[in-house]
Amino acid sequence: MTTDNTTPRRWLRRAGAPRLEFGADYNPEQWPREVWAEDVRAMQEAGVTVVSLAIFSWARIQPRPEVYDFAWLDEVIDLLHAGGIGVDLATATASPPPWLTARHPEILPVDKFGNTVWPGGRQHWRPTSPVFRAHALRLVRALATRYGKHPAVVAWHVSNELGCHNVYDYSDDAATAFRTWLRDRYVTLDGLNEAWGTDFWSQRYSDWDQIIPPRQAATHPNPTQNLDFKRFSSDALKDHLRAERDLLRELSPDVPVTTNFMVMGQMNTMNYPDWAAEVDFVSNDHYVLPGPQARDELSFSANLTGNIAGGRPWFLMEHSTSAVNWQPINVAKKPGELHRDSLTHVAHGADAVCFFQWRQSRAGAEKYHSAMVPHAGEDSALFRSVVSLGRRLRDLADLAGSDRVPAEVAILVDWESWWVSENDSHPTDRLRYRQEALDWYTALLDHGIRADVVPAGAAWESYRMVIAPILHVVPAGLAGRLRDYAATGHLVTTYFSGIVDQNDQIWLGGYPGAFRDVLGIRIEEFAPLLDGETAELDNGTTGTLWTDRIEVTDPEVEIIARYKTGEQAERPAITRRAVGAGSAAYVSTRLGADGVAAVLPGLLDAAGVTSELPPALRGRVELARRGDHRFLINRTSEPVDLGADGILEPRGVVILRS
């Protein structure tokens, strides 16, 4: 569920007027002491107000089991404080030091093949290891006791990117914890056997100790076991977050606690809407992924983060000033992109814009990852762009604390549907859940329509239109909410939606199961397409990936488009059924962003949704609204004439008061 908007807001612990925060991860231990004062001076020049400190510093802070070295950290924190820069102090538990893994190799994760994940990278720890937990909390206690009242510390930063590399652990610790989690969920073995359908393939359990994580098996593992292991793995990391958070709140109750999510791309292993209520404010890391929808994906992710945060301001903890180091080819950002990327996050609710990292590393695995101060130093175009962004954020101080203005259209994102729809042993393994949702988002932007990207568990009943692409896992309660919504609002869903319940068991009677009646259609068999196959529709669009053999069961159903060629020729491809004052529409194939854009006008007209942009700007400019500000974001590499509001530079952003 998303954050409860009735709970008190907590933001950085700092005095003074509201402002947009600006900064980066700071790793002074990578540099000689004489660089530190220069760093603070340059940070002041850039307008830096906050840095995340000590993220990977465990081995420096605790060089041996019974020895702590705080002297260097004291000096850095005092320097930053004297320079007017706040500290988002990490608990440093993201990566255990060599002495800990050498003494306790039992904290190391185990992959599904039974191989130990050895030290040498980062996050080499089991989320369910009681030994790791004890050592981590001992470090947290030492840090909170020493720095909890330091005036420089504006927030606590639990671990770092929890689960990025260690979310799925198949060790004996994980097996023990998984059994406990399952007993809490199902109470009895009969309940578990029923939910998992264990009479298939002679999997019926007669003792809890027989259950293990879904390790490498001879063939497809039990799908509900797999789903529950994903739920459990997200919960295990959430439990670690809570353990550190609770200790921090006990020892330094005045300092808010956060951790950095990773709402971006295909990163779906942690159920972030379920985590949001566990932190005082939501933080996120985002990196641009190459491709034709790169900047739309950035907007989509920022939008979703804002709605995971319940519409409240959130903290962009990491993004990049330019190239990263972990893609196959790492391309530098073009002029204007540093500002556009940063301000797009602000447009969708970020009250802090931070980068990885402050000074580009000269050694280590991330030495080719860009930073605020590049290898070229301060005398560089990149640093000058950073300084310019700092000034721009300072001038937007009156935006701080303002909420996003809701749109009229919502796109639902459901983590469990994302997990299950891409499972093995399905009609196709080519399906990509998030790509379908992103295509609808791009198509809406192409029409100049603002849309909110909203967790399925949030409150979305007030939207004129709700788009639920590949909403595959539909418990009875969610099915009822959507049926009720369609009586007053306008529901749009797609292929492979409404198929299974919360236990990944089929809604019987024909597809799309949970939505069959409200849509007024019935499907007996799926008809996925082979690679290279397409399905032409009579509206001029082309489908790929999937088709359905639709039978219309309600004569009032309107057939918006039919298949023109192939096995499904003359059959319905896109349908819409009026439901009271609302409607329910179904799209049975993957149209891509261009195809969805061709279908949208009729669906939008039925819902009474129109663009807030003049026709000349639609598609070329993204509009985002926050408080009384309007953000006009150039989606192109060409200048756009805004009329009385001037020229929007290529890859530029103009911010206007409403």
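In this predicted model, helix H7 spans residues 189-196 and has as its buried residues Leu-189, Leu-192, Asn-193, Ala-195 and Trp-196, where buried denotes under 20% relative accessible area, exposed over 50% and partly exposed in between, with a 1.4 Å probe and protein chains only. Viewed down the axis of H7, these buried residues fall within an arc of 165°, so they line one face of the helix, the arc being that of the directions from the helix axis to the C-beta atoms. The face turned away from this buried side carries the exposed residues Asp-190 and Glu-194. Among the elements covering the buried residues of H7 are helix H6 (172-186) and helix H8 (223-251), contact being defined as heavy atoms within 4.5 Å. Just after H7, Gly-197 adopts a positive phi of about 60°. Helices (H or I, at least four residues) and strands (E, at least two) are DSSP runs numbered from the N terminus.

Elsewhere, three strands form an open antiparallel sheet in the order E21-E22-E25, two strands being paired if DSSP finds at least two bridges between them. Strand E21 (621-626) and strand E25 (653-657) are the edge strands, each pairing on one side only. E21 is joined to the antiparallel strand E22 (residues 629-634) by six bridges, and Val-621 stands opposite Asn-634 in E22. Helix H11 (residues 337-347) packs on the sheet, touching E21, E22 and E25, and its direction makes about 145° with that of E22; axes are lines fitted to C-alpha atoms, for helices over the stretch in contact, and angles run from 0 to 180 degrees between N-to-C directions.

Residues are numbered from 1 along each chain as its sequence is written, and side-chain values use heavy atoms, with hydrogens and water left out. Local features need pLDDT of at least 70 and side-chain atom pairs count only at pLDDT 80 or more, whereas totals for chains, interfaces and linings use all residues.
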